[in-house]
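The sequence and coordinates come next.

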Amino acid sequence: MSSSAQSPKIRRISPLSPSEAKWTQLNKIEWTDQTGRERIWEAASRKTRGKTGIDAVAIAPILRHPSRPASTLLILQYRPPVQATCVEFPAGLIDEGESPEEAAVRELKEETGYEGKVLDCSPTIVADPGLTDANMQMVTIEVNLKEGDKEPEQHLDEGEHIQRVIVPLTELYDKLQGRLGGTAFSKEEGKIVDARLYHWSLGLHWSKQLGMSG
């Protein structure tokens, strides 16, 4: 954030009528449980889901450089629902006609300026199934850098304010936990770590701790 920009703040939180909701809707789910009892569940859904049936992608970038350790690329973005700046992977909605892989390449370039090659795409996954049917796929993209490469220009949409942070893979878990001598992302005032990023770093950490390899 530049010195001339002001900090985001919540002015008011109020109920949203269905007619005002552009991106989401609240559904009443009537279902029968395993004992035959009829129940009701409240859940939120996105209105933007396309024909693929997949709402969004999250991108796990792997940055490779000739003289620097393999790293990942995080973004810091203010998220009004949690009233905090979220430390997360680049992510975004899938446009109509796009595959998850195509959406991931596009979103990575828009949000960070970096371009790379898709290495892996996860099955469709969910993050908060007790609240919403929103889903996504996680795409791993390898970015190969050269000596002297400058930080690329972002291509942000109007209203997007995204800060980029490069973290070596070997330091990611400790950075999130605050074990490198500095303040952890998770403990900095006004910041919160996205669950997908934390779970990913946890997998890296424990695969190393347990001596596991690919």
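Is E88 buried or partly exposed? At 2% relative accessibility, E88 counts as buried; buried means under 20% relative accessible area, exposed over 50%, and partly exposed in between (1.4 Å probe, protein chains only).

## Basis of the model

This is a predicted model, in which local features need pLDDT of at least 70 and side-chain atom pairs count only at pLDDT 80 or more, while totals for chains, interfaces and linings use all residues. Residues are numbered from 1 along each chain as its sequence is written, and side-chain values use heavy atoms, with hydrogens and water left out.

## Strand 4 and its partners

Helices (H or I, at least four residues) and strands (E, at least two) are DSSP runs, numbered from the N terminus. Two strands are taken to pair if DSSP finds at least two bridges between them. Strand 4 (residues 68-79) runs antiparallel to strand 3 (residues 56-65), with 2 bridges joining them. The two form a hairpin with 2 residues between them, and S71 in strand 4 is the bridge partner of L63.

Strand 4 also pairs in the antiparallel sense with strand 10 (residues 162-168), over 7 bridges, and with strand 5 (residues 84-88), over 5 bridges. I75 has a bridge partner in each of these strands: R164 in strand 10 and E88 in strand 5.

## The loop at Q83

The hairpin of strand 4 and strand 5 has 4 residues between the strands. Q83 is placed in this loop, and its phi is positive, about 50°, although Q83 is not a glycine. Most residues other than glycine have a negative phi. With a relative accessible area of 48%, Q83 is partly exposed.

## Nonpolar cores

A nonpolar core is a set of buried Ala, Val, Leu, Ile, Met, Phe, Trp, Tyr and Cys residues joined through side-chain atoms within 4.5 Å. In soluble globular proteins, nonpolar side chains tend to be buried together. The largest core here has 19 residues, and the members that touch the most others are L74, V87, F89, L172, F185, L197 and W200. Two or more residues each come from strand 3, strand 4, strand 9 (135-144), strand 10, helix 2 (169-177) and helix 3 (195-209). Strand 3 gives the largest share, 4 residues.

L74 is in contact (heavy atoms within 4.5 Å) with V87, E88, F89, Q163, R164, V165, V167, L172, F185 and L197, leaving aside residues up to four places away in sequence. Another core, of 14 residues, lies apart from the largest one; among its members are A104, L108, Y114 and V143.

## Salt bridges

A salt bridge is a side-chain nitrogen of Lys or Arg within 4 Å of a carboxyl oxygen of Asp or Glu. The structure holds 12 of them. E88 is joined to R79 at 2.7 Å, N to O. Within this pair E88 is buried, whereas R79, with a relative accessible area of 32%, is partly exposed.

The side chains of D55 and R49 meet at 2.8 Å, N to O. D55 is buried at a relative accessible area of 2%, and R49 is partly exposed at 33%. R196 and D194 form another salt bridge, with an N to O distance of 2.8 Å. Here D194 is buried, at 13%, and R196 is partly exposed, at 23%.

## Surface and helix 3

I29, W31 and W41 form a nonpolar patch on the surface, together having about 280 Å² of accessible area. Patches are made of residues with over 30% relative accessible area and no salt bridge, with like charges joined within 9 Å and nonpolar side chains (Val, Leu, Ile, Met, Phe, Trp, Tyr) within 5 Å. Accessible areas come from the Shrake-Rupley method with a 1.4 Å probe, and for residues only the protein chains shown count as cover. W31 lies in strand 1 (residues 24-32) and is partly exposed, at 32% relative accessibility.

G203 is found in helix 3. Its relative accessible area is 40%, so G203 counts as partly exposed. G203 and S122 are 81 residues apart in sequence, and their C-alpha atoms are 15 Å apart in space.
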